[in-house]
Structures are given as C-alpha cells and as structure tokens.
Amino acid sequence: MIDLHIRTATAADAETVLSFWKEAAEGTSITDDVDGVTRLIGRDPDALILAESDGLLVGSVIAGWDGWRASLYRLAVLPSRRRQGIAKALLDAAERRFLAVGGRRGDAMVLEANERAQQAWAAAGYHREDHWRRWVKPFV
C-alpha cells in the first residue's frame, strides 16, 4: 500500500474536492458546489473523509451520520491511483466513525450503471438491497 494520510476535510478543501470529483467520481449532484460542500462540513465536520498521498488528494468518501443512519456517498479514487488500497482505507475510516457514534449499518449510494463501483462495494462486504428504491425531489 502507498503512504496514505486519511483526514477529514475543512471548508478550505471545498474547491479542491470539487475538482477532484470532476476527475475521479461518477455522476454529479445538485450540491456539487462550494456552498454545498462547505455546508456539509459545517453541519457534520467529520463526514467528508479525504485520502492524500504526497500532498495530493487521491480519494474521498462522505460518511454521513444523522443520528439514525450511516450513509456513504462519493467514494472516489483518482483513476491513476486505483487498486492501491485507497478505497479500503477510506471505508475503514468511515466504518470506524460510524461504530464510534453508534451506527449499526452503512448504506451506500451507488450508481446503477457504475459496474466498477458495484464490484468495489461488493468486495468491501456491502450487498445490494433490491427491495429499496431511492425517491428524490429537487427543491430548487
């Protein structure tokens, strides 16, 4: 495994994270802007977990805890750094966080068309629950 530093994001990381997601993450979200990222960090300072190697952002995961559910979003690894244990290190950090606050199960949002991500989540011990569907309604 590479030399990796895992830490939580700060508001100062917002623009870097957004640039990273454009390169490393699949799909986009209505909250993909500086305001959305800084609002996440302001509400839950431990939610956005970053992986850095030699000062370069190489991975991210959002480990959101609302007191009821442990939700995982935006697990992303820089394409040139995949298959080096970065996603595993990020998920380990997220799972430790959830256990510390009383989380019982992690729920991951995974795009239907992203087969690579589905394989990665399965390799990490997660499984698909076909009896649930996500329902959304944009407010703006």
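**Labels and their cut-offs**

Author: Arginine 83 is exposed, with a relative accessible area of 86%. Its place is the loop between strand 4 (70-77) and helix 3, and its phi is near 70 degrees, a positive value in a residue other than glycine. The model is a predicted one, in which local features need pLDDT of at least 70 and side-chain atom pairs count only at pLDDT 80 or more, while totals for chains, interfaces and linings use all residues. Residues are numbered from 1 along each chain as its sequence is written, and side-chain values use heavy atoms, with hydrogens and water left out.

Reader: Why is arginine 83 called exposed?
Author: Exposed means over 50% relative accessible area, buried under 20%, and partly exposed in between, with a 1.4 Å probe and protein chains only. Arginine 83 has 86%, so the label is exposed.

Reader: What is the label of aspartate 54, and why?
Author: Aspartate 54 has 72% relative accessibility, so it counts as exposed. Aspartate 54 sits in the loop between strand 2 (48-53) and strand 3 (56-65); helices (H or I, at least four residues) and strands (E, at least two) are DSSP runs, numbered from the N terminus. The phi of aspartate 54 is near 50 degrees, again a positive value in a residue other than glycine.

Reader: How do you know that aspartate 13 and arginine 7 meet in a salt bridge?
Author: A salt bridge is a side-chain nitrogen of Lys or Arg within 4 Å of a carboxyl oxygen of Asp or Glu. For aspartate 13 and arginine 7 the N to O distance is 2.8 Å, so by that definition the pair is a salt bridge. Aspartate 13 counts as buried because its relative accessibility is 12%, whereas arginine 7, at 22%, is partly exposed. Arg7, Asp13 and Glu52 are linked in a network of salt bridges, and the whole structure holds 9 salt bridges.

Reader: Where do lysine 88 and aspartate 92 lie?
Author: Both are in helix 3 (residues 86-101), 4 residues apart, about one turn of the helix. Lysine 88 is exposed because its relative accessibility is 56%; aspartate 92, with 29%, counts as partly exposed.

Reader: Which residue forms a salt bridge with arginine 128?
Author: That is glutamate 112, the closest N and O atoms being 2.9 Å apart. This pair links distant parts of the chain: arginine 128 is in the segment after helix 4 (115-123), and glutamate 112 is in the loop between strand 5 (106-108) and helix 4, 16 residues apart. Arginine 128 has 47% relative accessibility, so it counts as partly exposed.

Reader: What makes the crossing of helix 1 and helix 2 a contact?
Author: Contact means heavy atoms within 4.5 Å. Ala14, Glu15, Leu18 and Trp21 in helix 1 meet Val34, Val37 and Thr38 in helix 2.

Reader: What is the label of isoleucine 30, and why?
Author: Isoleucine 30 is exposed because its relative accessibility is 58%. Isoleucine 30 is found in the loop between helix 1 (14-24) and helix 2 (34-43).

Reader: And what about alanine 87?
Author: Alanine 87 has a relative accessible area of 25%, so it is partly exposed. Alanine 87 is in helix 3 and touches Leu75 and Val77, not counting residues up to four places away in sequence.
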